[in-house]
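Welcome! Let's walk through this structure together, one side-chain contact at a time.

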Amino acid sequence: MNAGVRLDHYKTDFSSLVVCGARNGPACGRLPAGSIVPGVNTSTSDNLVNYKVGVLYKPTANGSIYVNVAQSQQPPGGNTLTLSTAANSADNPNYDPQKARTAEVGTKWDLLGSRLLLTGALYRTTVTNDVVQDPTDLQYYQTGKKRVQGVEINAIGKLTDNLALSAGFTTMNATVARGAGVTADGSDDLAYTPKKAFTSWITYHLPFDLTLGGGARYSGRLKRGTDGAVGTPDHTESYWVFDAMASYPINRNIDLQLNVYNVFDKDYVAAINKSGYRYTPSAPRSALLSANVRF
């Protein structure tokens, strides 16, 4: 069993200059548009108490079961220490720190004479003190709650002297547990979070020293936020991508390796942000030939 408690004291002093008349900026009044005027000038301080508790049990020499519980807090300003006067921002010093509580139950097993490691876990992370707008009075309060929970399974090992693999699968049920919806389709899902993801990689060493490898990557659809531009799709489609490689030792000091990415030249959207205004397109099929030199 292991446990820990951490006490943080923070004090943030923040001042800034902004452009008046700009988007989300103050009014210029009698000043010319574009004038530099004082922005936020404030400070905040408080104490944060965080903790973690873990229990590990080994029913056999090659297996273990564990339970972990932890809490972390983020003060106004987050890790950038940038404060805000916006009523809808968690960086407003008038708000309390956001809290994240995580619980995880998992297991790890060494199999096939320690040639294969299997791990699995059930997890849940809940964020509270999220800033949300009340639909009645249109004021902002820290009554929101978000939650992500799911399953994670991994396998890694060298099954034989020539065959090695690595694979992982996860599910992420990310939702708004309390508060207004944040996705364009009106559901309680969180934006930009795939419900399922998978990755795998297998290599095989042939008798004449040639090593071949291949892998697959899968990501589920991504939902965008509620403030997307007109005509922006409310989600991106899920996708599979396949990669491959081959390597061969020329001598004891030099290896040649060929990597081919996106073998089937899949066209997909890799990521979106800014509620769909911006997106990261797929990388087209490409190849990289490299030489690894050892001395």
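In this predicted model, the side chains of K146 and D130 form a salt bridge, with nitrogen and oxygen 3.6 Å apart. How accessible is each of them? K146 is partly exposed at 27% relative accessible area, while D130, at 13%, is buried because the cut-off for buried is under 20%.

Another salt bridge pairs R115 with D161, at an N to O distance of 3.3 Å. Here, too, distant parts of the chain are linked: R115 lies in the loop between β4 (98–111) and β5 (116–133), and D161 in the loop between β6 (140–158) and β7 (163–171), 46 residues apart. R115 is partly exposed, at 33% relative accessible area. D161 has 58% relative accessibility, so D161 counts as exposed.

Next, look at K195 and D189, whose side chains meet in a salt bridge of 3.2 Å, N to O. Within it, K195 is partly exposed, with a relative accessible area of 41%, whereas D189 is buried at 9%. The count for the model comes to nine salt bridges.

Finally, turn to the cysteines. The model has one disulfide, which joins C20 to C28 with an S to S distance of 2.1 Å. The torsion about this S-S bond is about 100°, so the disulfide is right-handed. Both C20 and C28 are buried.

Methods
Residues numbered from 1 in each chain as written. Predicted model: local features only at pLDDT ≥ 70, side-chain atom pairs only at ≥ 80, totals over all residues. Heavy atoms only, no water. Disulfide = S-S within 2.5 Å. Buried < 20%, exposed > 50% of the residue type's maximum accessible area, 1.4 Å probe, protein only. Salt bridge = Lys/Arg side-chain N within 4 Å of Asp/Glu carboxyl O. Helix = DSSP H or I, 4+ residues; strand = E, 2+ residues; numbered from the N terminus.
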